[in-house]
Amino acid sequence: AHAPLADRSATRLHRRAMCGIVAYLGPSTAKDVMLAGLARLEYRGYDSAGVACVEAVPPAAATANGPPSVKRRSSSGPSHTIGVVKAAGKVSVLASRSSSSLNTGTVGIAHTRWATHGAPTDANAHPHTSSDGGLAIVHNGIVENFVALREELQRKGYRMASETDTELIAHLISDVRKQKWMPLEEAVRQALSQVQGAYGICVISSEEPDLLVGARKGSPLLLGIGEDEYLLASDASAVIERTRRVTYLNDGEMVVVARTPSGACTYEIKTLENIKLCREVEELQLKLEDIQKGSFKHFMLKEICEQPEVLENAMRGRVTNRHSAGSRESGSGCNDVLLGGVARALAWRCE
């Protein structure tokens, strides 16, 4: 049996892993949408943040500076590059640092990080890129075979720019494509087959500038479905301002969001074994004010002050306080406590 949609949404909202993912593909400026989403995730706790966007490169600049890997699959249109801005500290620091850049891209990924592998520094903040800068990734979770993968990649000549396990996934995807070029979706699938542990990831590539790939194993990831725009996020609070229509990925699944030549956006959910899936779309029952600090200084204070209301709502419909005369057997005239899933009331005599 399935819980009601409202209950499932609330349950998923409060699975508070200490990192946040927001990704976007649509007509709006990706950076602005994602920064707003990251701000909604600040209640989780984090120590650094970052954002990356796919941006078109002017023809003259592409001819002079564009890496071959960036241009190889974009010959029919403008070349693209991935711009990355990262900052240790608050999302507001990231917003200030990125104010004069990443203002044209409409595809991007963003992240708030709670340090596990490596200190909370600019270098260790997500997103992380491949060696040629043509691919970027954000990641929640832990790569358990981190040491073995790092040693293997170093033997192949890859140099690490950070202390994180996430960077390894970017290099793995890049390495798969170096051996034999393939679409980003398939490269992600093959790279993840080498990863042991938990992950929720989003990936973008300058070679396929109208594509966003996400995958999940053990770390939450959902797809927000808007008006010709899509968002990937680790938490419903990051998308509620743009849409209430979502679908949740299960373990071992991936989603591919694409923009067609006509400008329309589509998505497809598959297993990591490349089996297409049909997934129900749910309507979030959350309210925006429920996930905002309001007049409180911080979220913990808000949660403390909301405890009476939360308890009242939790007991609503389950506790009555009737004092009318009646038989003990029927429970009338006693306080009735109705527990979800219990067929009859537990009754006791009122003092």
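Modeller: Let me start with Leu102, which lies in the loop between helix H5 (91–97) and S4; please keep in mind throughout that this is a predicted model.

Biologist: Why is Leu102 called buried?

Modeller: The relative accessibility of Leu102 is 4%, and buried means under 20%, so Leu102 counts as buried.

Biologist: What makes the backbone of Leu102 worth a remark?

Modeller: Leu102 has a positive phi of about 55° although it is not a glycine. Most residues other than glycine have a negative phi. Asn274, in the loop between strand S13 (265–271) and strand S14 (276–277), also has a positive phi, of about 70°, and is not a glycine either.

Biologist: How do you know that the peptide bond between His126 and Pro127 is cis or trans?

Modeller: Omega is about 5° for the bond that joins His126 and Pro127, and this peptide bond is cis. Pro127 is placed in the loop between strand S4 (107–113) and strand S5 (128–129).

Biologist: Why are S3 and S15 described as standing at the edges of their sheet?

Modeller: The sheet is open and has eight strands in the order S3-S2-S4-S1-S10-S9-S11-S15, with antiparallel pairing. Strand S3 (80–88) and S15 each have a single partner strand, so one side of each is left without a neighbour in the sheet.

Biologist: What makes S11 and S15 count as paired strands?

Modeller: Two strands pair if there are at least two bridges between them, and S11 and strand S15 (residues 282–283) are joined over two bridges in the antiparallel sense. Across this pairing Val246 stands opposite Glu282, and Arg245 stands opposite Glu283. Strand S9 (residues 222–225) runs antiparallel to strand S11 (residues 245–248) with three bridges, and the partner of Leu222 there is Tyr248.

Biologist: How do you know that the buried residues of H6 line one face of the helix?

Modeller: In helix H6 (residues 146–155), Phe146, Leu149 and Leu153 are buried. Seen down the axis of H6, the buried residues fall within an arc of 70°, so they line one face. Helix H7 (166–179) is included in what covers them.

Biologist: Why is the contact of Arg40 with Glu241 called a salt bridge?

Modeller: The N to O distance between the side chains of Arg40 and Glu241 is 3.0 Å, and because a salt bridge requires such atoms within 4 Å, the pair qualifies as one. Arg40 lies in helix H2 (residues 30–40) and Glu241 in the loop between strand S10 (230–233) and S11, so the pair ties together parts that are 201 residues apart in sequence. At 16% relative accessibility Arg40 counts as buried, whereas Glu241, at 46%, counts as partly exposed.

How values were computed:
Residues numbered from 1 in each chain as written. Predicted model: local features only at pLDDT ≥ 70, side-chain atom pairs only at ≥ 80, totals over all residues. Heavy atoms only, no water. Helix = DSSP H or I, 4+ residues; strand = E, 2+ residues; numbered from the N terminus. Buried < 20%, exposed > 50% of the residue type's maximum accessible area, 1.4 Å probe, protein only. Arc of directions from axis to C-beta. Contact = heavy atoms within 4.5 Å.
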